[in-house]
Amino acid sequence: MKKTGSSILTRFSFYFPHEGGNLLKNCGFIKGFFKNPDEYSAETTGNCASATKGKLINSLTGQVNFVKLTCGWLNRLLPPNSIPQSPCPRCLAIMELNWFSSLILIALVANFLITTWADRLNLQALTADLPTEFVGIYDVDSYAKSQEYTRAKTRFGFFAAAFDLATLLLFWWAGGFNWLDTLVRTIHGGPVTHGLIYLGALLLAKTLLSIPFSCYSTFVLEERYGFNRTTIRTFVLDLVKGILLSVVLGGPLLGALLFFFDWAGSHAWLYAWGVTTAFIVIIQFVAPTWIMPLFNKFTPLAEGELKDRIMSYAKSVDFTLDNVFVIDGSKRSSKSNAFFTGFGKHKRIALFDTLIAGHNEAELVGILAHEIGHYQKKHILQGLAISIVHLGIMLYLLSLALGSQGLFNAFGMEQRSVYGGLIFFGLLLTPLELLLSILMNALSRHNEFEADHFAVKTVGSADSLILALKKLSVHNLANLTPHPFYVFLHYSHPPLISRIAAMRKI
Ligand SMILES: [Zn+2]
């Protein structure tokens, strides 16, 4: 094909060895024209900005031509017949092996291996001997059942994690991130619209892919051990409400972040930090009254002996408590729990209906005292402060990462974008986040001891809380003998046996 002076658009893949020696396969559009029959001058899009030398492989004819690539421009005396005329069939942008992609890959795989290794240790720590603390509370069969439950959950967790990792790597190496970007950019709109669609599509895909797993977990695994109370209707409604809530709450916040990073220059992270902090604080206040009731029914605890005992305990520790709520946890599971949310007037203590059914009043006061301990010891405020600082650091680091072309090359992106950067930066942070979650778990375990200590001191005895926690463990088929490394990695609460030991010493 001979076209002198006119512009032609061709798409093909080119391979070029980097200075460092990594072979990079990439693809892009070449738009160019023949200066004369022997000279082709073209502009390329793609990630060839850093390449200076390379060879061009014509994917149709297999013919190789040496070309000089300079900063997005392809200038080389190419015989006209070597230019491919039609889209190349295997034209996929894949990752560039650079510092970023290597780090992310190592981190993802290491994370998976460490978790799997911890799982293995944890399973090996399951022995048939019942801990002496639980003699008389557990019978041999139920204890064996609880261990079988731990094994089944571990196996399931392994498959779910392996699937997640495999899907991510497949999508990455098949050039999925760039493919989606190209698709989204065909839609009319600016960077914020494109970002919302891009991230929304990825999140939706991730949610849809996780449905078979949550179905299995709820309707097979939990069902088999007698915990499941979720109906198909509740399951579907939860899913739909969850998605709608992400759109209504997450959409505007994400839109604001994308807007700041696109328009506010080097101070963008500060604005973004301010907005997200305001968002988190507001959510703390509105979650108990507006969001949680979308998923569960909160009923004030009925008048009677239990309420009187709870109220008089709260008064004895100077804790203003307008009301205690009962939450219909039995709608989803027979497992029981209690929790505390919100601040000031909006604070709310909720006891699962399943908890009230399984414990006597003294035990319930013990559990409640522990929850109040978290509030009085300012653990909730502490958690909030840490997440705000964490967020600020992350947003600052994000603003640095957005400027590095290497991060985008690592994912085969033809064009840089804030939304792409957001995802890739999240992956880049895998090792840091793992470290941070280990630290946060350690802090949380420390706080649990503190709340226990508060409860024992204020109730005046450790017995009711210890008995309540033992019964809870049995009821929820908790693993009584987790491996210390597993605890170090995953446990936000200390193993019950150490909690009991600590309470006995008070
Ligand atoms: Zn606690």
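This is a guided tour of one protein chain, stop by stop, for use with the structure open in a viewer.

**Before selecting anything**

The model is predicted: local features need pLDDT of at least 70, side-chain atom pairs count only at pLDDT 80 or more, and totals for chains, interfaces and linings use all residues. Residues are numbered from 1 along each chain as its sequence is written.

**Whole chain**

Show the protein chain as a cartoon. It has 16 helices and 10 strands. Helices (H or I, at least four residues) and strands (E, at least two) are DSSP runs, numbered from the N terminus. Of the 506 residues in the protein chain, 28% are buried. Buried means that 20 or more other C-beta atoms lie within 10 Å of the residue's own; exposed means 12 or fewer, partly exposed is in between, and the C-beta atoms are placed from the backbone. Among the contacts in the protein chain with a separation of 6 or more, 72% join residues 24 or more positions apart. A contact requires C-beta atoms, placed from the backbone, within 7 Å of each other.

**Stop 1: the open sheet**

Select β7, β8, β10 and β9. These 4 strands form an open sheet in the order β7-β8-β10-β9, with mixed pairing. Two strands pair if DSSP finds at least two bridges between them. β7 (298–300) and β9 (338–341) are at the edges with a single partner strand each, so one side of each has no neighbour in the sheet. From one strand to the next, the twist averages 30°.

Go through the pairs in sheet order:

- β7 and β8 run antiparallel and are joined by 3 bridges. P300 has F325 in β8 as its bridge partner.
- β8 and β10 pair in the parallel sense over 4 bridges. V324 has I349 in β10 as its bridge partner.
- β10 (residues 348–352) and β9 run antiparallel, joined by 4 bridges. F340 stands opposite I349 in β10.

**Stop 2: α5 against α6**

Select helix α5 (residues 232–263) and helix α6 (residues 268–295). Their axes come within 10 Å and cross at roughly 165°. Axes are lines fitted to C-alpha atoms, for helices over the stretch in contact, and angles run from 0 to 180 degrees between N-to-C directions. The angle makes α5 roughly antiparallel to α6. Angles under 35 degrees count as roughly parallel, over 145 as roughly antiparallel, 65 to 115 as roughly perpendicular and the rest as oblique. The crossing of α5 and α6 is right-handed. A crossing is right-handed if the near helix is turned clockwise from the far one by less than a right angle, and left-handed if anticlockwise.

Show side chains for the contact. From α5, display D238, K241, L253, A256, L257, F260 and F261; from α6, display A268, Y271, A272, V275, T276, F279, L294 and F295. By class, the residues of this contact are 12 nonpolar, 1 polar and 2 charged. Ala, Val, Leu, Ile, Met, Phe, Trp, Tyr, Cys and Pro count as nonpolar, Asp, Glu, Lys and Arg as charged, and the others, Gly among them, as polar.

**Stop 3: V418**

Select V418, which lies in helix α12 (residues 418–428). V418 counts as buried because it has 22 C-beta neighbours inside 10 Å. Leaving aside neighbours within four places in sequence, V418 is in contact with P191, G195, L258, F261, D262 and L402.

**Stop 4: α9 against α13**

Select α9 and helix α13 (residues 430–459). The axes come within 8 Å and cross at roughly 120°. That makes α9 oblique to α13. The crossing is right-handed. V365, G366, A369, H370, G373, H374 and Q376 in α9 meet N447, E450, A451, D452, F454, A455, T458 and V459 in α13. This contact has 6 nonpolar, 7 polar and 2 charged residues.

**Stop 5: two positive phi values**

Most residues other than glycine have a negative phi. Select K378, in the loop between α9 (361–376) and α10 (379–401). K378 is not a glycine, yet its phi is positive, about 60°. With 12 C-beta neighbours inside 10 Å, K378 counts as exposed.

Finish at D318, in the loop between α7 (305–316) and β8 (324–327). Phi of D318 is near 55°, again a positive value in a residue other than glycine. D318 counts as exposed, with 7 C-beta neighbours inside 10 Å.

Note on methods. Two residues are in contact if their C-beta atoms, placed from the backbone, lie within 7 Å.
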